[in-house]
Amino acid sequence: MLTARVIPCLDVRAGRIVKGVRFQDLRDAGTPAERAAEYEAQGADELVVLDVSATPEGRANAADTVRAVRAALSIPLTVGGGVRSVADAARLLEAGADKVGVNTAAVREPELLSALATQFGCQCTVLALDAARRADGTWEVVVLSGRERTSRDAVAWAREAADRGAGEILLTSWDRDGTRSGYDTELCAAIAAAVRVPVIASGGAAGPEHLLAALRAGADAVLAASIFHDGDLTVGDVKRYLARHGMRVRLEEKRADDHSLD
């Protein structure tokens, strides 16, 4: 049985961490390198950095930010946003990323996933899948930070991406992102059942019970932002809660600033 991973996410724009609701109304949440070091000290298993404005603005990911975060971090680092080519991915890997996430460009050109997997390996290739629920209860892929709906079925796309070489799926519920209403566990279950690669649940966490629910729904890892940025919980708080509820996690020693959770 693999350990469940807890992964803080840094959404970055212009060198600062931002956070909003459904990818809009972004507010400042600190400095990437400082937050990265803080979360590693709390026991984070990995870190994700997403340049949320790179693709909508038609520019490449800010490699300087990646270098700064890498310099402060020893745990695995996934970077996404603005990846449109093998060369873009290579630049981020050279800057210090261990894995590269691709979203909009892969939807436009699915062959990009195959090319990334061939060039760098499946373990480096992450599909960032943003999904919105349709009226009929199924899910549709959205791109450009949620600005465009594609009509592509999210479950079918996850399956195709894994077949093309994506080694992991970072799954964000557009409907739940930033709302603190809990992960879309039905979406997590549907994607996890469709693929054999790890699924990272994202979008909507407000408390450790939400992370637990996503893992029980089939996610292999849980990603969260606001609850850590706002100081509601530390990574250590969440992992101890998960352990008490039967999840196998990598635990660190208790810190003085951690809080007890039932």
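Q: What makes the contact between the side chains of Arg 5 and Glu 168 a salt bridge?
A: In this predicted model, the N to O distance between the side chains of Arg 5 and Glu 168 is 2.9 Å, and the cut-off for a nitrogen of Lys or Arg and a carboxyl oxygen of Asp or Glu is 4 Å, so the pair qualifies as a salt bridge. Arg 5 belongs to strand E1 (residues 5-13) and Glu 168 to strand E10, so the bridge ties together parts that lie 163 residues apart in sequence.

Q: Why is Glu 168 called buried?
A: The relative accessible area of Glu 168 is 6%, and a residue counts as buried when that value is under 20%, so the label applies to Glu 168. Arg 5, with a relative accessible area of 15%, is buried as well.

Q: What does Glu 168 touch, leaving out residues up to four places away in sequence?
A: Glu 168, which has its place in strand E10 (residues 168-173), touches Arg 5, Lys 99, Thr 125, Val 126, Leu 127, Val 197, Pro 198 and Ile 200. With Ile 200, the separation is 32 residues in sequence and 7.7 Å in space, taken from C-alpha to C-alpha.

Q: What makes the pair of Glu 168 and Lys 99 a polar contact?
A: Their side chains are joined at 3.0 Å, and the limit for such a pair of N or O atoms is 3.5 Å, so the pair meets the distance condition. Arg 5, Glu 46, Lys 99 and Glu 168 are, moreover, linked in a network of salt bridges, and the structure as a whole holds 19 salt bridges.

Q: How do you know that Asp 45 and Lys 239 form a salt bridge?
A: The closest N and O atoms of Asp 45 and Lys 239 are 3.0 Å apart, which is to be set against the cut-off of 4 Å, so the pair counts as a salt bridge. Asp 45 lies in the loop between helix H1 (32-41) and strand E4 (47-51), while Lys 239 lies in helix H10 (residues 235-244), so the pair ties together parts that are 194 residues apart in sequence. Both Asp 45 and Lys 239 are buried.

Q: Why is Asp 184 called buried, and why is Arg 133 called partly exposed?
A: Asp 184 has a relative accessibility of 4%, so with a limit of under 20% it counts as buried. Arg 133 has 28%, which falls between the 20% and 50% limits, so Arg 133 counts as partly exposed. The two form a salt bridge, with the closest N and O atoms 3.0 Å apart. Asp 184 also has a side-chain oxygen that reaches to within 3.3 Å of the backbone nitrogen of Glu 186, at the start of helix H7.

Q: How do you know that the buried residues of H7 are on the same side of that helix?
A: The buried residues in H7 (residues 185-194) are Leu 187, Cys 188, Ile 191, Ala 192 and Ala 194. They cover an arc of only 160 degrees around the axis, which puts them on the same side of H7. Their cover includes strand E7 (125-133), strand E8 (139-143), helix H6 (154-164), E10 and strand E11 (199-202).

Q: What puts the buried residues of helix H5 on the same side?
A: In H5 (residues 111-120) the buried residues are Leu 112, Leu 113, Leu 116 and Ala 117. Their arc around the axis is only 135 degrees, which puts them on the same side of H5. Thr 118 and Gln 119, on the other side of H5, are exposed. An α-helix has 3.6 residues a turn, so residues three or four places apart point the same way.

Note on methods
Residues are numbered from 1 along each chain as its sequence is written. This is a predicted model: local features need pLDDT of at least 70, side-chain atom pairs count only at pLDDT 80 or more; totals for chains, interfaces and linings use all residues. Side-chain values use heavy atoms; hydrogens and water are left out. Helices (H or I, at least four residues) and strands (E, at least two) are DSSP runs, numbered from the N terminus. Buried means under 20% relative accessible area, exposed over 50%, partly exposed in between (1.4 Å probe, protein chains only). Contact means heavy atoms within 4.5 Å. A polar contact is a pair of N or O atoms within 3.5 Å; within protein, one must be able to donate a hydrogen and the other to accept it, and residues adjacent in sequence count only if both atoms are side-chain atoms. The arc is that of the directions from the helix axis to the C-beta atoms.
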